[in-house]
Amino acid sequence: MRRYLGRIVFVAAAAAFVLVMVVLFQRSSAPGEPPGKTLGVVVYGQDLERWRSLELGISQACTELSLEKPVLSVRTAQSLPASEDQLERIHREVKAGVGGLLVAVGDSEALREELDEMALATPMVLVETGTGGTLPTLGADDEAMGRRLAGRLHEEGHTGGIVLLKAAQQRRSAALRYEGFTSEAERLGLSFTQVDLDGPEEAYYGLRDDMAAQKPTAVVALENDTLELAGSLGVGGVYICGIGSSGRVIDLLDRGQIDEVCYQNEFALGYLATLQLAAQMDLAPAAEETGVDYRLVTRDILYTPEVERLVFPIIQ
Amino acid sequence: MKQVRLLLDKVRRQYRRQSIQVLISLTFTLAAVVCLVAMALILYAQFTSSLRSTILKENQQLVSQIALNVESYTRNMRGVSDSVYYSVIKNADLDTDAIDSQMELLYEAHKDSLVSVACYTEGGELVASAPLSVGKPGLDVTAQDWFTKAQDKIENNHFSTPHVQNLFEDQSGRHRWVVSLSRMVELSRGGAVAPGVLLVDVSYSGLERIFTEGQGGGEGYVYLIDKNGEIIYHPKQRLIYSGLVAENNLTAASYADGIHEETFEGVGRQIVVKDTGYTGWRIICVIPNSEFSVTLGQMPLLVVAIVGFAILLIVLVNSQISSLVARPIKRLDRSVRALEAGQLDAEITIGGSHEIEHLGRTIQSTVDQMRSLMDDVVREQEQKRKSEFDALQAQINPHFLYNTLDSIVWMIESEEYKEAISMVTALASLFRISLSKGRDVISIGTELQHAGYYLHIQNIRYKNKFRVETDIDPAIEDLTTIKLIIQPLLENAIYHAMELMDGDGVITVRGRLAEDGVYIEVADNGLGMTEAMAASLLAAPAEPPPGEGRKKGSGIGLRNVHQRIRLYYGAPYGLRVDSELDVGTTVTIHLPGPPAEASEGGTP
């Protein structure tokens, strides 16, 4: 045995070397190919244009990570309640075999338990608004944005006659913004009236009549849809401000139909959320936790280089 | 340093302890591996350097191509601006000529890349534009960058950085990113010329497309800045604007055309810079150093694999060669070890290179000689023993004993007690000296005593038929000799010479010390013998010479004594027989002289 020990050691060493080389070669081959896991993006609402900046941010991250760019899923089935429709779309994405999901939740309460359960099998990151459950959420500081708006009203001298448009607060972000605004408004001694909006069309006509009757000095809308609504009222002489990020909101701002917008950087939101999701899917290293910024934009500064780069996506 | 020396010493000691096969294998393998690795490293370094140069060159070409495309882009813009100015505005009187439709036509011709064309008065009033004709209400264009820069640089065209067009009332709600080319123009109104500003807005997507199509794969990228370092295009510009990533654009603005090396945020990278003509924009190509490793791809692994495989092959070949060389040496070594262990019949392996073969043959020859010598020694020892045994046997000659005992009986029966006692005493003394307690070597004096006892017995038996004369040098009595050498000579003399004598036989025993040794002569005045007979007594075997019969007696006495003396003391010593017919015979014993130590028990 001793006589053959040298040969055995040599053969073992040669075999180990060949094995290691084969493994290393296989690992190093085709490094740039996409990993084969896809992402799904399910958002609330039916206006794709509303999510343009978010989509661009997701696209940027996917390019960097060599991932397939996902198609945003918006509401299609009008027969179902919005939350049920969104849940169904989420299930569809999971069934289609996506490796992870970005979800802009339309109804935090209704989707919380279901999403918490689904997240056990499918990595998930919530954007813009959370559910109050266990899932990671990325978005601007909603309470801070609400407080900031209240502050701006106070700075502009609008201390009374303020109408606060309140939609059905199904999203947690809306609730937090409302909380932030109302607490700061109370602190600053702002007097405001809350108007509850029950639905899109009825809300529009009803609201217009309300505005005509009440003659407010300022109208505050804490969500994108309600801000678009407020901006399209065409009520003159009223300081309209709110929180929004869609192209329509910016357009209304440009036309002078909205006076001030608290703009959440949804491009950064999409980008960072994708990195976070990719880290959960083990497709990227763990991303540093960075908050999403927001900025107050008025018509005067809309076309300054700093602001226009933020609010106008470079798409043709 | 001391520890290094100790380590080297240890290594050297270990090295010396190894077998020749291990030494050859290890040394050649080490040398080959070192050369192989050095060569691989040098070639790899050359290759990577060459690859690096190639990559940089390729990127330079890419940047040059992009520069050409950018120049073409800006040239087109200038072309459109020149067309609008020289074909439409310059020759028109704005009071009478409507230039909108011409502008519209020009716009349509270039609408793939053009966003709008507009002409303003010095005060910012819109003169004409295409495709949109209504300016944004309340907008003061004179405050916009393109307007002020055009007024600053009267003789030149001014290219803006990309921005969102903010000029017209656009019901579609689109906000277009454009690059503006503005210039001062002369507007004619009713013969009077007044300055104005011509603005050509080109879609930014055209510029963006040049760069997105020009981006190679991998981690490197290309971006565009103006001469102040402001980003015009960057593949991650929105991330930069959002503050999520950073770029070293401001530093890049200071680089000259060519290749530069920099470290930005801990990442080393190569920068290729190229200025474009007219605009002063700079194209910056960034190649992270890691890109070179990625481009190498599997090359490092391949090199490692080849070197590893070569090392394995070298190890295999060297071990085979060293085994081939060392095997005959090992076999020879095993044979020598067997010899060392006493196996004289071990086979000496002869093989391998001619030096090893020669070594084997030499060892074989030495072993053969050794065996032969040992056989000789064994033979000598056997002869000695045989001779001693023969001598003893001769001494204990049954005839001598029977006759002597007979004589003693006769004497006792004849009541010659005195003679009987004398004979018995002499016989006892004779045998006592013969045995000598097992000693081989006794003093000459004792040997002479022994001879004396023998003669005494024989004299009685032969009724004084002869007489004995002795002449012994006392100096020799204490010297040593092997025993039982004189008595056989006396026996021969008595049996062959004295038997036929009638009272006048004389046996003379003489002993003297000479320079070359001790001489003891036993002479008789008997019948003597021929020279041939005398010569044959010592040389020939037991058979007498032809024509002469066997004499009485043991016949082996003289030869036995002669052999024993030569065996013990060597060839120069022994017996010499001198004889003359009818005169007598003298047998001379030659022994070594002093200093000779008496060997008390055992052979000298």
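A salt bridge is counted here when a side-chain nitrogen of Lys or Arg lies within 4 Å of a carboxyl oxygen of Asp or Glu. By that criterion, chain B and chain A share 3 salt bridges. In one of them, the side chains of B:Lys136 and A:Asp254 meet at 2.7 Å, N to O. The model is a predicted one, in which local features need pLDDT of at least 70 and side-chain atom pairs count only at pLDDT 80 or more, while totals for chains, interfaces and linings use all residues. Residues are numbered from 1 along each chain as its sequence is written, chains are lettered from A in the order in which they are written, and side-chain values use heavy atoms, with hydrogens and water left out.

The size of an interface is often given as the accessible area lost when the parts come together. Chain B and chain A bury about 3,100 Å² between them, with 62% of it on carbon and sulfur atoms (accessible area lost on being put together, 1.4 Å probe, summed over both parts). On the side of chain B, the greatest losses to chain A fall on B:His175, B:Trp177 and B:Arg238, which together account for 25% of what that side buries. The contact, meaning heavy atoms within 4.5 Å, draws 38 residues from chain B and 31 residues from chain A.

Polar contacts (N or O atoms within 3.5 Å, one able to donate a hydrogen and the other to accept it; residues adjacent in sequence count only if both atoms are side-chain atoms) link 9 residue pairs between the two chains, both residues at pLDDT 80 or more. Elements giving two or more residues to the chain B side are strand E4 (163–164) and helices H5 (204–214), H6 (237–241) and H9 (299–340) of chain B; helices (H or I, at least four residues) and strands (E, at least two) are DSSP runs numbered from the N terminus. H9(B) gives the most, with 9 residues.

Within chain B, the axes of helix H12 (residues 417–435) and helix H13 (residues 444–461) come within 9 Å and cross at roughly 145° (lines fitted to C-alpha atoms over the stretch in contact, with angles from 0 to 180 degrees between N-to-C directions). Residues making this contact include B:Met423 and B:Leu430 of H12(B) and B:Tyr453 and B:Ile457 of H13(B).

Two backbone details complete the picture. The peptide bond from B:Ala130 to B:Pro131 is cis, with omega near 0°, and B:Pro131 sits in the loop between strand E2 (126–130) and helix H4 (145–152) of chain B.

Methods
Buried area is the accessible area (1.4 Å probe) that two parts lose on being put together, summed over both.
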